[in-house]
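Trainee: I would be grateful for a close look at a single part of this structure, with the strands and their partners described in order.

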Amino acid sequence: MPLQEHTKQSHRLLVITLVLLLGCGFLATSLVSYQASLKSIRNTIINTELPLTSDNVYSEIQKDLVRPILISSMMSRDTFVRDWVMQGEKNAEPMTRYLREVQEHYGAFTSFFISDRTLTYYQTKGVLKQVSPKEPRDIWYFRVRDMKEPYEINVDVDMANQDRLTIFINYKVFDYDGKFLGATGVGLTVDAVIKLIDEYQRRYDRSVYFVDTSGRIVLTGANGGPLGARVGQKLSEVPGLEDLQARLGRPQTGKFAYQERGRDHYLNVRYIPELDWYLFVDKHEGGLLAGLRNTLYLNLLICLLVTAIILVLVTRLMRRYQHRIAALATTDSLTGLPNRRGFELLAGQALQEARRDRKPLTALLLDLDHFKLLNDTYGHQAGDQVLQGFAQNLRDGLRQSDIVCRWGGEEFIILLKDTGNATAHQLAEKVRGEVAAQRYPFRGVNLQVTTSIGLAEMHPDDSLDSLIGRADRGLYRAKQSGRNCVCVEPSGNHDAL
């Protein structure tokens, strides 16, 4: 395999290896960073953000319920209420007025009193109805009557206000001897909770909603629940949440994860005993991961650009290095002229051009006379300086199209393009004369050399070796003829000039 082709293949292999190393390194670094960031974000969502939102919503609900509980407690101990009932409930107007005053003064949505003696339901607009244990919508009253606790918080529809969903504080009322007289309290609209839900959803980009113990969505923000779920819809009807109801099982707080349309969702579930509901705080990682993925893509783009820049620089350096190696392989380091390998490359092309264009081509083979004696007398440094000066003289005296190189040792070779025997002989004599007249100063001594030259013109059947062989025979004759002369070696002719 030629050296140049082998070098090119080595270059390609190096570039491919470098691309693989840089690409794999950058890709691995970017993916590890992406996975670490993804893990950190998920951990923050699951263990910090969602529980914190759940705690805040729960705290807000508790805060909103404290004042109504105190109002209902005050009503249950009000002497007016107890005295009015114990006096036989003769006129409903005082009780109606009292409930209206409570509602307007404390800003309640509704206020009520149910007498256990007459089972009459009083509210701000008068008597609403008579409660009955056979009526499903009245079961709550009889539950309150039989419970041990002094009050309960119940979420139910308000019949006095077009069945709007209302949070009721149901408080027991006793006479002065501890006999049960009935139940009183106030009702709060869920609008405040809905506003709280909307605020958290807007501020933190997450879904907040409430689910009862049967798995039915009972309260959402103004725009609905997760994934378009509606109030009254079962969890089993919401994509991704089908299996969650079975996992809830009993009142508990927990962390859950599910997928919807290829997106990962993280869910914090908290049981609120005051309402007997679950508080769901749901967040999908799409919004956060969009920025993270953009960062990953940017990193990969930067890595690609860096890799491309490095490859361009490496390619340029490799080319420069290859050119330098090629120059060193074909150039004589002492004289700066092409060496024998470089000459063979240039001469082969010159022979092809001469044959193609049918133009003459002449070879001159030059040898410095008694050069070994010069080295032995003045040292090799003197010989090197003479060789350098001689090479420079040859370059200066020839055309740019001519080929001159150091053939080896003190021998040099010249190919004269488009030059026949006669012109070449004149040029050779000129070179010989100039060399003989030239002085090469070295450490205070002017060194002088002469040169013997063999000359041969290319014939149609000549190869490079046969042409140089004839020029070499001419050089041999020049040396045999006393040196410092030019000898032409035509085909079959050995006359010296």
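Mentor: In this predicted model, strand S5 (residues 164-174) and strand S6 (residues 180-189) are joined by nine bridges and run in the antiparallel sense. Within this pair, Tyr171 stands opposite Thr184 in S6. Both strands belong to an open sheet of six strands, whose order is S3-S2-S1-S6-S5-S4. The pairing in this sheet is antiparallel. In that order S6 sits between S1 and S5, while S5 sits between S6 and S4. At the edges are strand S3 (126-130) and strand S4 (151-158), each of which pairs on one side only. On average, and with direction ignored, neighbouring strands of the sheet are turned by 25 degrees against each other.

A helix accompanies these strands. Helix H4 (residues 139-146) lies across S5 and S6, and also across strand S1 (110-115), strand S2 (120-123) and S4. Relative to S4, helix H4 runs at about 175 degrees.

For reference, the model also holds an open sheet of five strands with mixed pairing, in the order S13-S14-S12-S17-S18. Its edges are strand S13 (403-408) and strand S18 (486-488); each has a single partner strand, so one side of each is left without a neighbour in the sheet. Here neighbouring strands are turned by 20 degrees against each other on average, direction ignored. Strand S12 (residues 361-368) runs antiparallel to strand S14 (residues 411-417), and seven bridges join the two. Leu364 stands opposite Ile414 in S14.

Terms used:
Residues are numbered from 1 along each chain as its sequence is written. This is a predicted model: local features need pLDDT of at least 70, side-chain atom pairs count only at pLDDT 80 or more; totals for chains, interfaces and linings use all residues. Side-chain values use heavy atoms; hydrogens and water are left out. Two strands pair if DSSP finds at least two bridges between them. Helices (H or I, at least four residues) and strands (E, at least two) are DSSP runs, numbered from the N terminus. Axes are lines fitted to C-alpha atoms, for helices over the stretch in contact, and angles run from 0 to 180 degrees between N-to-C directions. Contact means heavy atoms within 4.5 Å.
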